[in-house]
Amino acid sequence: MRLSIQAKPARAAARCAVAARVLLGLAVDMPATRNGAWLSALIGALLAAPWLLCLRYVKRDSRLLRLGLGLVSALDAGAVLAALTRSAGYLALDRASPALLLIPAGLALLWCVWKNGDAIGYAGMIWSRLALAGLAIVAVMQTRYFRPQWLTPVLGEGWDAILDGGVRTAGWIVATSAILMICEEDGPRLGVLAGVGAAAALIALAGMLTPTRTSGSWIIRLDDLLCNGRAPLYLQLPMIALWFAGLMHLLACQCFAAAALLERLTGLDGRLCGALAVVSAAVVSRLDALPSLSAWIAGYGFLAAAILTAAAARMPKRTEEGVGT
Amino acid sequence: MLLTLATLALTGCRVSGELENQAYVLVLGMDRSAGGGLMLTAKVPQIGKSGDQDGDSGGYLTFSAGGEGWPEALEALEQATPRKMNLSHIEMIVASETLAREADFDALVTRVSETPHLYTTARFAVCVGQARDFIDGLETVIGSRLSSEIDAMLDHYAEQGCVPRASFADAYYALKSIYGDPVAIRGRTVGDSETTAAMAVPADGPETEASPMKQRYLGAALFSRGRMAGALDAEQTAFMCLIRGERIALPVSCDGERYALTPEGAAKRSVAIDEGRVTLRVSLAFSALDDLCAADARTLEAVIEEKATGVIRTCQALQADPFGFAEAAAAHFLTIGDWMRFDWRSRYQTAGIEVEVRIRESEGG
């Protein structure tokens, strides 16, 4: 089996995945930006835009670039899987072991990857419409609770934190856009950044539902995002469904990208590469060093990808007739 | 699509999650016990008994248990309850005033808020006396379910402006936020001989009638620096709610006459900062429901201005900002650091007040 994806579904999948990753990163994982989180998202998009444009000109069979992006994708998938199991562990009515929570998520991911890229991509297209409709309903039902004053002071902890958040956002965009390296056809890639715009809007909306605080654990931030202290019980189910489905789609994208890049690097069977990608994400999600690994991806992932892409772009591009420039 | 549908299975409905195996806590109370520990009280519906017409137990049970702190008391309450205690459907959390006035009350609120599966959207009330007595006396009066009764009753009082719209989550957020202070509903239990209305009314308000309820809702409890700092009566609470931006009809007495005013939009609240000096500005606009001549309207404007200013002064003296002035002031700053260095609380206490009231007379006036 060969893992592949067409350009159109790849872009749709990347757009949804980027939105979920930036939302998870800025609203839950990294609270330091606070009121300025939406600005960080936009700065991250600006930083990542040249990289996305350059992807068109790089040599796709650069082993180093494939290895780098595959690694970043697999490691970040581990971080997202850890967030997913943590969310499930918190929301489950009974306490369940993390391993038990990993098994169904892992099996679902394996099933997704084995269905190949187009299935993931077209699911992303459907999902983006469903998610938009669901989010619109949730937002409209809570309109009276939005307070724009809670987005002030507008720069949050200041420019340092916002720029740090911007660089991390660019790292997350890289880690979730690797799927674009799989499709053979070229095409506009900047549309992926619409996902960042959506995430920035959601972060701003979420910020208007709870007053700015300077403390709070990961779980409390997740609770704020899904419940915000005012959402009635009947709205919490769609919000939780949106959260889990969004994370599952993100994971499917990242695992597929890691598996496909591994397949192209090693020549192994696609199914085996899919299984290896899912198992590696599961292993990474249980590592004690995951927080520092995930901080590295967010902090240096973009820089590493930019360097590798620049190196690949300088190499001569292989053409039908031979080696071109 | 399959994954999206699969998330619906996350509701956890399996054998251990069956309705009959759960003790759904509707009201949770917190008291300081005689030994200095924390005493928790839970009102739980009897499954199948709620709404029974035989009128024996009313379909609700009250359990109490105590411990040194929140986790110990919660564990003891779990043991005292003969089913798996479920905190995901709490309607109201009640703290005794004694407990709410303690210095480390904010730490308790944080512990409660961070308890997994505790429904923090529940209403938040502070009661005079013991929370256990307050909860014990809660019963259905008009409705068939206590949960709906509490919702409908407190919504009704909030629409009248006699109690604030206060959720436990909002109290937690406000305690932890960089802005203002939280408020809570204030209530008390009455003796059998007391036959006043269930909702507190101003001294110059209409005559009160008897209520079969054992609780009286008195206004708002104010918090400052993480603990209860004082209270507002029902009328002051109505003005506080108006300044906060809630749209409530305001009955005002003037020269022995009582007028009903309805707000024309939410109050406009702003903060002027001039060389470190702070001025709190409020603009209230009403239209009169009754016939009102221009002279009476000007008199009423002066009465409302005086009362609104008085409520703000009361809160300033308590160093409590339940109005949201801090949020308006924070917009003057670019970063959280700048805002925190401004030291809002001390400046708020000495801030000037400018209240502007405008009443549009009725067409027949």
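A few ground rules first. This is a predicted model, where local features need pLDDT of at least 70 and side-chain atom pairs count only at pLDDT 80 or more, while totals for chains, interfaces and linings use all residues. Residues are numbered from 1 along each chain as its sequence is written, chains are lettered from A in the order in which they are written, and side-chain values use heavy atoms, leaving out hydrogens and water.

Now to where chain B meets chain A. In contact terms (heavy atoms within 4.5 Å), 39 residues of chain B touch 45 residues of chain A. Together the two chains bury about 3500 Å², 64% of it on carbon and sulfur atoms; buried area is the accessible area (1.4 Å probe) that two parts lose on being put together, summed over both.

There is one salt bridge between the chains, meaning a side-chain nitrogen of Lys or Arg within 4 Å of a carboxyl oxygen of Asp or Glu. The partners are A:R147 and B:E327, with their closest N and O atoms 2.5 Å apart.

| Element of chain B | Residues |
|---|---|
| α1 | 2-6 |
| α7 | 168-176 |
| α10 | 325-330 |
| α11 | 336-341 |

The largest share, five residues, comes from α7(B).

How values were computed: Helix = DSSP H or I, 4+ residues; strand = E, 2+ residues; numbered from the N terminus.
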